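Here is a short briefing on one structure. Look at the model first, then read on.

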Amino acid sequence: MGSGLFGATCAYELSKKFKCLVIDKRSHIGGNCYTENLDGIHIHRYGAHIFHTSDKEIWEWVNQFAEFRQFVNSPIANFNGELYSLPFNMWTFHQLWGVKTPEEAKAKIESQKFKGTITNLEEQARSMVGDDIYFKLIKGYTEKQWGKKCTELPASIIKRLPVRFTWDNNYFNDKYQGIPIGGYTQIFEKLLNGIEVQLETDFFEKRDYYESIANKIIYTGPIDEFFDFEYGKLEYRSLKWENTYMHTESFQGHPVVNYTDDETPYTRIIEHKYFDNQNQKRTYVSKEFPCDYTGDNEPYYPIRDEVNSEMYRKYKELGETSSKYIFGGRLGTYMYYDMHQVIGQALSTVKKLIQI
């Protein structure tokens with residue numbers, strides 16, 4: 001198993017009864033949740049990670065390992081220099097149109113809605129929020145994120161688009177929200193304390209050996225790679241970052257600013273110090289650029305269209321024929337998860353294993 005959130009959670013719980021070995025190709029533990037301390041600023045190396053859940057059991061479980069400070073995710077959208085509140089709420093509608101009541105906002109959106117048959121993401125979005133919001137705040141960002149025109153993307157991607165007719169710009173509805181004081185890496189250090197961890201280790205180079213010493217193997221890598229791409233390669237979108245350390249107190253005064261126009265090549269800028277509410281006289285920012293997954297970079301977002309979903313279904317069926325292997329995490333199940341969902345999946349997996 002890897003040392004990301006799924007693998008580390010499983011290892012922690014299973015090590016109470018069994019001997020565990022954790023293997024990871026990377027040079028550090030923590031997977032995409034890894035944070036690095038740079039002059040007191042905790043850098044989210046693989047993009048912003050904000051923990052949120054309404055599940056009290058999972059919230060209490062993760063709070064064993066770190067103290068969390070309350071953090072409300074309220075991104076700002078920058079469209080060619082115009083600034084708007086996210087997610088879409090009364091602040092957004094007031095900034096766009098000057099409206100002051102939910103009735104006025106609803107009427108404005110209704111007057112712009114797409115009324116035809118929905119066949120793609122563009123039509124779905126326009127049918128939900130109208131043209132102004134779609135063309136200013138959705139179209140450019142989405143096409144950069146997925147590397148395709150919105151007219152080429154399935155409507156399902158955006159069906160859960162949050163639209164609120166209140167003055168509430170809290171991105172998440174969850175009861176519990178926060179970021180660990182001191183970063184995420186400390187959580188993984190505690191999860192894996194006393195467990196053998198082999199970093200910079202490729203499972204496939206010694207697969208026969210690991211299979212010979214293990215009763216069960218929790219595999220958290222790409223499921224298509226595990227089966228030597230028998231049915232083809234699953235598609236992903238990847239990310240790259242342009243990181244800048246600045247000897248200035250603040251760059252943008254906010255943790256996350258999304259760039260929703262077509263011309264700006266990156267989708268957002270993260271200013272890491274604001275995740276910890278720190279007051280250093282310096283700052284560290286990361287520009288996030290979506291890009292194609294080539295096999296040499298990190299797979300982040302599964303492209304779960306009909307072709308890839310059917311391919312994954314075949315791999316999943318292959319995986320279910322093995323009594324030794326359990327496939328988990330975002331790569332093992334070809335699914336993008338929030339952190340609390342990964343922990344829930346891991347705890348459920350552990351319960352099943354202990355019962356065997």
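Leaving aside neighbours within four places in sequence, which residues is threonine 92 in contact with? They are Tyr84, Ser85, Pro87 and Leu137, where contact means heavy atoms within 4.5 Å. This is a predicted model: local features need pLDDT of at least 70, side-chain atom pairs count only at pLDDT 80 or more, and totals for chains, interfaces and linings use all residues. Residues are numbered from 1 along each chain as its sequence is written, and side-chain values use heavy atoms, with hydrogens and water left out.

**Threonine 92**
- Threonine 92 sits in helix H3 (helices are DSSP runs of H or I, at least four residues, numbered from the N terminus).
- Its relative accessible area is 0%, so threonine 92 is buried (under 20%).
- A polar atom of its side chain lies 3.4 Å from the backbone oxygen of proline 87.

**H3 against H5**
- The axes of H3 (residues 90-97) and H5 (residues 121-146) come within 12 Å and cross at roughly 100 degrees (axes are lines fitted to C-alpha atoms over the stretch in contact, with angles from 0 to 180 degrees between N-to-C directions).
- H3 is therefore roughly perpendicular to H5 (65 to 115 degrees).
- Thr92, Phe93, Leu96 and Trp97 in H3 meet Asp132, Ile133, Lys136 and Leu137 in H5.

**Nonpolar cores**
- The largest nonpolar core has 48 residues (buried Ala, Val, Leu, Ile, Met, Phe, Trp, Tyr and Cys joined through side-chain atoms within 4.5 Å).
- Phe88, Phe93, Ile133, Ile138 and Leu234 have the most contacts inside this core.
- H5 gives the largest share, eight residues.
- A second, separate core has 44 residues, including Ala48 and Phe51.

Technical notes
Helices (H or I, at least four residues) and strands (E, at least two) are DSSP runs, numbered from the N terminus. Angles under 35 degrees count as roughly parallel, over 145 as roughly antiparallel, 65 to 115 as roughly perpendicular and the rest as oblique. Buried means under 20% relative accessible area, exposed over 50%, partly exposed in between (1.4 Å probe, protein chains only). A polar contact is a pair of N or O atoms within 3.5 Å; within protein, one must be able to donate a hydrogen and the other to accept it, and residues adjacent in sequence count only if both atoms are side-chain atoms.
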